[in-house]
Amino acid sequence: MSALGINWHAIRAIYLFEMARTWRTPLQSIVSPVLSTSLYFVVFGAAIGPRMQAIDGVPYGAFIVPGLIMLSLLTQSIANASFAIYFPKFTGTIYELLSAPVAWWEAVIAYVGAAASKSILLGLIILLTATLFVPMQIAHPVWMVLFLVLTATTFSLFGFIIGIWADGFERLQVVPLLIVTPLAFLGGSFYSIDMLPPFWRTVTLFNPVVYLISGFRWSFYGVADVSLGISLGMTLVFLAACVAAIGWIFRTGYRLKS
Amino acid sequence: MHPIITVSDLSKTYATGFSALKGVNLTIRRGEIFALLGPNGAGKTTLISIICGLVNASAGTVLADGHDISRDYRAARSKIGLVPQELTTDAFETVWSTVSFSRGLFGKPRNPALIERVLKDLSLWDKRDTQIRRLSGGMKRRVLIAKALSHEPEILFLDEPTAGVDVELRQDMWKLVSRLRDDGVTIILTTHYIEEAEEMADRVGVISKGEIILVEDKAELMRKLGRKQLTLSLLAPLAAVPPELAAYDLALAGDGMELVYSYDTKAERTGITPLLQELAGAGIRFRDLRTSQSSLEDIFVSLVRTGS
Ligand SMILES: Nc1ncnc2c1ncn2[C@@H]1O[C@H](COP(=O)(O)OP(=O)(O)OP(=O)(O)O)[C@@H](O)[C@H]1O
Ligand SMILES: [Mg+2]
C-alpha cells in the first residue's frame with residue numbers, strides 16, 4: 001500500500017474528489033453562503049449597527065462578525081459533510097468505497113477533511129467580505145485560526161454522522177434546520193449572553209454553540225462571555241464525542257452495510 | 001496451487017429475517033473464468049457482495065488469495081475488482097476522473113498511461129472528458145468495468161455484465177474477458193444467459209435459493225450435453241431390453257412402446273448403424289424415430305426445479 005500502512009492514495013483521491021465538487025458548483029458552494037452572510041453585515045453592521053449601543057466596548061457592527069462567521073461555519077460544515085456521505089449512499093456509488101481497501105478512519109479523514117477545508121475557506125472569505133462593511137481588528141489571529149479549524153472539523157464530523165444516520169433527504173435537513181440553526185442563533189451571535197435575564201442566561205449555558213462563539217469572539221476583540229479555557233475545553237469535548245460516535249458507527253457497520 | 005477464493009459455510013440472513021445464503025461452500029481456482037448461474041433472487045449478488053465487502057456475512061468465512069476478507073480486508077480487497085449489477089455512477093464526473101479516482105481509492109499511485117489503455121480497450125477513449133450522465137447505458141456499464149480494471153485487480157467480479165447490453169457490446173465484453181484471463185486475472189461472472197456461460201466459462205456453478213446445487217467443469221457439462229438420445233417408436237411393446245442388446249445404452253419408455261438409445265455425438269462411432277442392424281436381426285420393428293439433445297438450459301432448469 002504505502003507509508004505506515006495508510007492508504008494515502010485513497011485519502012487524497014476522496015479529498016480531491018470532494019473539493020472538485022465545490023469548484024464545479026461555485027455558486028451554490030461559495031457565492032450563496034457568502035452573499036447571505038453579507039446581507040447581515042449590510043443590515044446589522046452598516047445600517048442598524050451605528051444606532052446600536054456598543055457591547056463590551058465593541059461597536060455592534062463589529063461585534064456580530066465572529067458570531068456570523070461561526071453561524072456559516074456550523075451550517076456549511078454540517079451541510080458539506082452530511083451531503084458528501086449521504087449522496088453516495090443515496091445513489092449507490094458508495095459500493096466502491098465499501099469494496100475498497102480503505103479503513104473507516106481514512107474515509108473519515110478524507111471526507112471530513114474536505115468538508116472542513118471548504119468551510120474554513122468560506123469562513124475566511126466571509127471574514128474578508130466583512131472588512132468591507134465594518135471596521136474591525138483581530139487581536140489573537142493564531143487563536144482565531146485554531147477556533148476556526150476546530151469548529152469546522154467538529155461540525156464536519158457531526159455532519160458526517162448525520163449523513164450516515166439519514167435515510168432520506170428529510171432527515172438530512174431536519175437536524176441542521178431544527179437544532180443547529182436555532183442553537184446558533186441563540187448562541188450569542190447577535191448579543192452578549194450577559195444581556196439576558198439570569199434564568200435564560202443559565203439555560204443558554206447548555207448551548208454548546210455559546211462556547212464556540214464566545215471563544216471565537218475573544219480571538220477578535222479580547223472580550224468573552226465565558227472564559228477562554230472553558231470555550232476551548234467544550235469545543236474539544238464535542239470534537240471527542242463526535243470522534244467516538246463515528247468510531248462506534250463504523251465498528252458496528254451501522255447503516256452502511258446490511 | 002491454492003484456490004484464489006475459498007468460501008466456507010457462508011450464510012447470510014438479512015435484517016428482514018430472509019435467509020439469502022445457506023451455508024455456501026465454493027472454491028475458485030486461480031486464473032479461471034467461473035460462471036455463476038441462478039434464477040432471480042438466488043443469492044448471486046449477495047454472495048458477491050459479501051466477498052467484496054459490501055454486505056456483512058452472518059456466518060462463515062471467505063479467503064481471497066489467502067487473506068480473510070474481514071480480518072485482513074486491506075490485502076483481500078486490493079486484489080478484487082467489482083463491476084456491480086446496478087448502473088451506479090457519479091453523474092457529474094467525467095469518465096477520466098471517475099476512473100482515475102477508483103485507482104486512487106484502491107491505493108495505487110497515479111498512472112495515466114494505464115488508464116488510457118483501459119479506456120481504449122473499452123472504447124471509451126473518445127468519451128474520456130464526457131460527464132457520465134451524458135453516456136448511454138451500455139457505455140455506463142463499460143465505465144464501471146473501467147473503474148474496476150483501473151486498479152489492476154487479480155480477481156474480477158462481473159455481476160451480470162451483459163444485462164441490457166446489445167449483441168455487439170456483449171461480444172466485445174466476451175473478448176475483453178478472455179483477454180483478461182490471458183493476463184492471469186481470475187474472473188467470476190453471474191449471468192442469466194446460458195450461452196454466455198457456455199461461451200466463456202471454464203467452470204459453471206448453479207445457485208438456487210441460497211444454495212450451490214452444482215459446480216462442474218464446463219467441459220464435463222458439455223460432455224453431458226454432447227449426449228444425444230435416439231428414440232424409436234416400436235410397433236409392438238417390449239417387456240424388457242433384449243439381453244443380446246445389452247452392449248448398448250438402452251432404456252425403455254412409454255410403457256414399453258419406446259426404446260431410447262443414449263449415445264455420445266463426439267465419439268468416433270455413434271453406434272447407430274450396428275444397433276439398427278441388430279434390432280432388425282432380433283425382429284424388433286419400429287415405425288418412427290427421433291433424436292433429441294439436452295441443452296445446458298435443460299440441465300439448468302431441471303436442476304433449479306428439483307434442487308432444494
Ligand atoms: N438488503 C436486503 N434486505 C433484505 N433482503 C434482501 C436484501 N438484498 C437482497 N435480499 C433478498 O435476498 C435474495 C437474494 O438476492 P440477490 O440480490 O442476492 O439475488 P440474485 O441472485 O443476485 O438475483 P438477480 O438475478 O435478480 O440479480 C432475494 O430474495 C432478495 O430479495
Ligand atoms: Mg443479482
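**Entry 1: the shell of ligand 1**

I looked up which residues surround ligand 1 in this predicted model. I found 15 residues in the shell, and the closest are N40(B), G41(B), K44(B), T45(B) and T46(B). I sorted the shell by residue type and got five nonpolar, eight polar and two charged residues. I then asked which element gives the largest share of the shell. It is helix α1 (residues 44–52) of chain B, with three residues.

**Entry 2: polar contacts of ligand 1**

N40(B) places a polar side-chain atom 2.8 Å from an oxygen atom of ligand 1. G41(B) uses its backbone: an N or O atom there lies 2.8 Å from an oxygen atom of ligand 1. For K44(B) I noted a polar side-chain atom 2.7 Å from an oxygen atom of the ligand. I also looked up how much of ligand 1 the protein covers. On its own, ligand 1 has 630 Å² of accessible area, and the protein covers 68% of that.

**Entry 3: the magnesium ion**

I asked which protein atoms are donors of the magnesium ion, ligand 2. They are OG1 of T45(B) and OE1 of Q85(B), at 1.9 to 2.1 Å from the ion. These two residues are 40 residues apart and link distant parts of the chain. T45(B) sits in helix α1 of chain B, whereas Q85(B) sits in the loop between β6 (80–83) and α3 (95–105).

T45(B) has 31% relative accessibility, so I wrote it down as partly exposed, the class between 20% and 50%. Q85(B) has a relative accessible area of 29%, so Q85(B) is partly exposed too.

**Entry 4: S150(B)**

I moved to S150(B), in the loop between α5 (137–149) and β7 (155–159) of chain B. Is S150(B) buried or exposed? S150(B) counts as buried because its relative accessibility is 0%. Leaving out residues up to four places away in sequence, I listed its contacts as V99(B), S102(B), R103(B), L114(B) and I115(B).

**Entry 5: M19(A)**

Last, I turned to chain A and looked up M19(A), which lies in helix α1 (residues 8–24). M19(A) has a relative accessible area of 11%, under the 20% limit, so M19(A) is buried. Beyond residues up to four places away in sequence, M19(A) touches A114(A), S117(A) and K118(A). I also took one distance: the C-alpha atoms of M19(A) and F147(A) are separated by 22 Å, with the two residues 128 apart along the chain.

How values were computed
Residues numbered from 1 in each chain as written. Chains lettered and ligands numbered in written order. Predicted model: local features only at pLDDT ≥ 70, side-chain atom pairs only at ≥ 80, totals over all residues. Heavy atoms only, no water. Helix = DSSP H or I, 4+ residues; strand = E, 2+ residues; numbered from the N terminus. Buried < 20%, exposed > 50% of the residue type's maximum accessible area, 1.4 Å probe, protein only. Contact = heavy atoms within 4.5 Å. Near = heavy atom within 4 Å. Polar contact = N/O pair within 3.5 Å; in protein donor to acceptor, adjacent residues only side chain to side chain. Areas by Shrake-Rupley, 256 points an atom, 1.4 Å probe, with all protein chains shown as cover. Nonpolar A, V, L, I, M, F, W, Y, C, P; charged D, E, K, R; others polar. Donors = N, O, S within 2.8 Å, 3.2 Å for Na, K, Ca; no water.
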